[in-house]
Amino acid sequence: MNGIVTLTTDFGLRDPWVAEVRGAVASVWARYPGFRGQVVDLGHDLPPHDVRAAAWFLRRATEAWPRGTVHLAVVDPGVGTERPAVACRRDGVIFVGPGNGLFGFLAESGPVEVVHLDNPLWRGHPRTGILSRTFHGRDLFAPAAAHLAAGAQLQQAGPPGCEADLGKLPAPATGSRQAAIVWIDRFGNAVTDLERNSALGRELEGGGTVLAAGAPVAGPVTAYGSAPGPDPFWYWGSGGTLEIAAAGGRAADLLGLVPGLVLEVPAT
Amino acid sequence: MNGIVTLTTDFGLRDPWVAEVRGAVASVWARYPGFRGQVVDLGHDLPPHDVRAAAWFLRRATEAWPRGTVHLAVVDPGVGTERPAVACRRDGVIFVGPGNGLFGFLAESGPVEVVHLDNPLWRGHPRTGILSRTFHGRDLFAPAAAHLAAGAQLQQAGPPGCEADLGKLPAPATGSRQAAIVWIDRFGNAVTDLERNSALGRELEGGGTVLAAGAPVAGPVTAYGSAPGPDPFWYWGSGGTLEIAAAGGRAADLLGLVPGLVLEVPAT
Amino acid sequence: MNGIVTLTTDFGLRDPWVAEVRGAVASVWARYPGFRGQVVDLGHDLPPHDVRAAAWFLRRATEAWPRGTVHLAVVDPGVGTERPAVACRRDGVIFVGPGNGLFGFLAESGPVEVVHLDNPLWRGHPRTGILSRTFHGRDLFAPAAAHLAAGAQLQQAGPPGCEADLGKLPAPATGSRQAAIVWIDRFGNAVTDLERNSALGRELEGGGTVLAAGAPVAGPVTAYGSAPGPDPFWYWGSGGTLEIAAAGGRAADLLGLVPGLVLEVPAT
């Protein structure tokens, strides 16, 4: 137990929605005398309703947090419909949110305990007690995350579920010599899902060319500042996958790269 | 006393102004040995100088926080002029900021204690001691909020005032079968001030049509995902008032909705 | 020791990079039983790769924090190249980041202790231990900042360096009757480097005109709300330097002001 709740949403920070989630957490914690928790933002500017982008973001953003952390994540276009509402735990770290595929990645690397949020004492608007049908972030997920971070047992949240309740996102359709772009970052760098530690990645280890939107891109380069010129280049990114950048420019704009675009790795 | 100061401003996060406010709070807290407080952002992207929008945001964002919380709010186009600088308390929760109408909503639901910020030991830039005429957020409101969150008494902040010192915003001019749009959120949903728990709201409870910028909008729908088609619909929002959304689209853009626009509810 | 790490970057908040930095700090702190630190954002929307803008921001944003605070700052276009990686301390406050001029301002006002980050136990991705060449914010600076905030000694970070290792930014080329614009803020106000407490500043104390992009601007005005009309005016800003604003408008847009632009102060 470390008393930290992190927040990942597509709510943005211009509206009061994130503040209301924070207030809901604080109001639950006020019922645990002497408990002092912290709420930490991971990100709130996820593309609205884009569960796939959110899952990638969450995987990266939650990689290093210690046991006892509770990650509350809400990108939930199906709020109020039949999708499950879950809490789940892997390696001592807890995730709370919708079972719409957002947490599907957890099941790829070890067993996950899953429960359905169903404790009537852990839900409802902090002042009125009413469960809004459109704001489960505040009225369902926030109280559950707050109780769990304050030391409540996962089993108190509700009855057990299974990994299928986390939902699953369709896998991108890439062939054996292909990779997909999964994220364009603020600097215009493109992150792909081509892992350095894969057959194709090892083949590229000594150097090689990938085709991005038809254009050949050479690599690997070892630092942004060591690129030979202004042309886009590839390198092994900080998440262990192939990325494309350009010194002093935005590779994504130069090459026309967008999330979902498929790269080719020509056979040598 | 819970040791939390929340921040709500129109400063944005691109400039160092919010960081300076945080530093001012931290420098006061350093004088209380053993005290460990937290500063929490509610929102900093309020429309610049728009006190009405800020008041609505603040009301929503501060609804659930426990007793002892100190809410520091600065949307203050009249900084340095004659408007009062106040701290006020309702139900054990404290608000600190300008008396320009921002906190007027507090007086609608119960007695509010008001004091004028006038303690010479609680003001001035943390390093130079000078009170900037243009940055009361840092030099006047932040120290007061920090002292109050650390356990100082409200009366230490200055002499008593009255509810009129909070200021008042002009009420929107809506007739008995009308409602006003108060906020457009990130998803393009329009929030109105038509309360479910009002005569007009109860009349709409079983279903009905509202006219938004001339267009008929049907409802209520119970979840975003259960709308029958792409047309905008209305529903009872998470704040207890009528809202307008569109499945897979931005209702505000589809219908031309903006804050201040008046809706009609035709008599049936 | 106060257990606070602040963050200042050009990473933005749309990508997971800041969240990964936060996770790296949390994972280090989990190794200090009983230690409870806080990570505080100063700003993440600095112009990408703009070390000069970042240095100005950092100077303002860190002015008031108490002894023991650790400021982690990363605007680092040369990541992975030969620029030093440093921790430095002035007046009991620690700064961690690249030695590319970002911290050069510290040496202007007192002695600075400098060390090179070189502790092999304080680096590497929190899960894999690998030091990414492109993400020192997470793998090098964050662990160092976390250890230092948790009570480790500065000397544990690595061998001593000197003030020259902080790097230096070229001084703006302004003559004796000139000043440069250093920042345009959210409200369109222009902040200059003309200090009130300088020969030129004292000359303007009783009132005078500056030429901004050729246009005469009168001042000083004492509060935004007390300007006589819509014309831009100057005033002594909250940082002790001359600023230009316009009542109800954006002075920077009205006059065409941008960072780096040089103002003239005509001799009277």
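**Contacts between chains and domains**

Reader: How many residues of chain A are in contact with chain B?
Author: In this predicted model, 35 residues of chain A are in contact with 31 residues of chain B.

Reader: And which residues of chain A lose the most area to chain B?
Author: They are Arg14(A), Trp17(A) and Thr134(A), which together make up 22% of what that side buries. Between them, chain A and chain B bury about 2,700 Å², with 56% of this on carbon and sulfur atoms.

Reader: How many salt bridges are there between the two chains?
Author: The count between chain A and chain B is 3 salt bridges. One of them joins Arg186(B) to Asp45(A), with the closest N and O atoms 3.8 Å apart.

Reader: Which helix gives the most to chain A's side?
Author: Helix 1 of chain A, residues 17-29, gives the most, with 8 residues. By class, the side of chain A that touches chain B divides into 13 nonpolar, 12 polar and 10 charged residues.

Reader: Changing topic, what domains does chain A have?
Author: The domain assignment gives domain 1 (4-166) and domain 2 (178-264). Their centres, taken over C-alpha atoms, are separated by 33 Å.

Reader: How many residues of these two domains are in contact?
Author: In chain A, 5 residues of domain 1 are in contact with 6 residues of domain 2. The two domains bury about 430 Å² between them, 74% of it on carbon and sulfur atoms. On the side of domain 1 that touches domain 2 there are 4 nonpolar residues, no polar residues and 1 charged residue.

Reader: How many salt bridges and polar contacts are there between the domains?
Author: The count between domain 1 and domain 2 of chain A is 0 salt bridges, and 1 residue pair is in polar contact.

How values were computed:
Residues numbered from 1 in each chain as written. Chains lettered and ligands numbered in written order. Predicted model: local features only at pLDDT ≥ 70, side-chain atom pairs only at ≥ 80, totals over all residues. Heavy atoms only, no water. Domains from an automatic or database assignment. Contact = heavy atoms within 4.5 Å. Buried area = accessible area lost by both parts, 1.4 Å probe. Salt bridge = Lys/Arg side-chain N within 4 Å of Asp/Glu carboxyl O. Polar contact = N/O pair within 3.5 Å; in protein donor to acceptor, adjacent residues only side chain to side chain. Nonpolar A, V, L, I, M, F, W, Y, C, P; charged D, E, K, R; others polar. Helix = DSSP H or I, 4+ residues; strand = E, 2+ residues; numbered from the N terminus.
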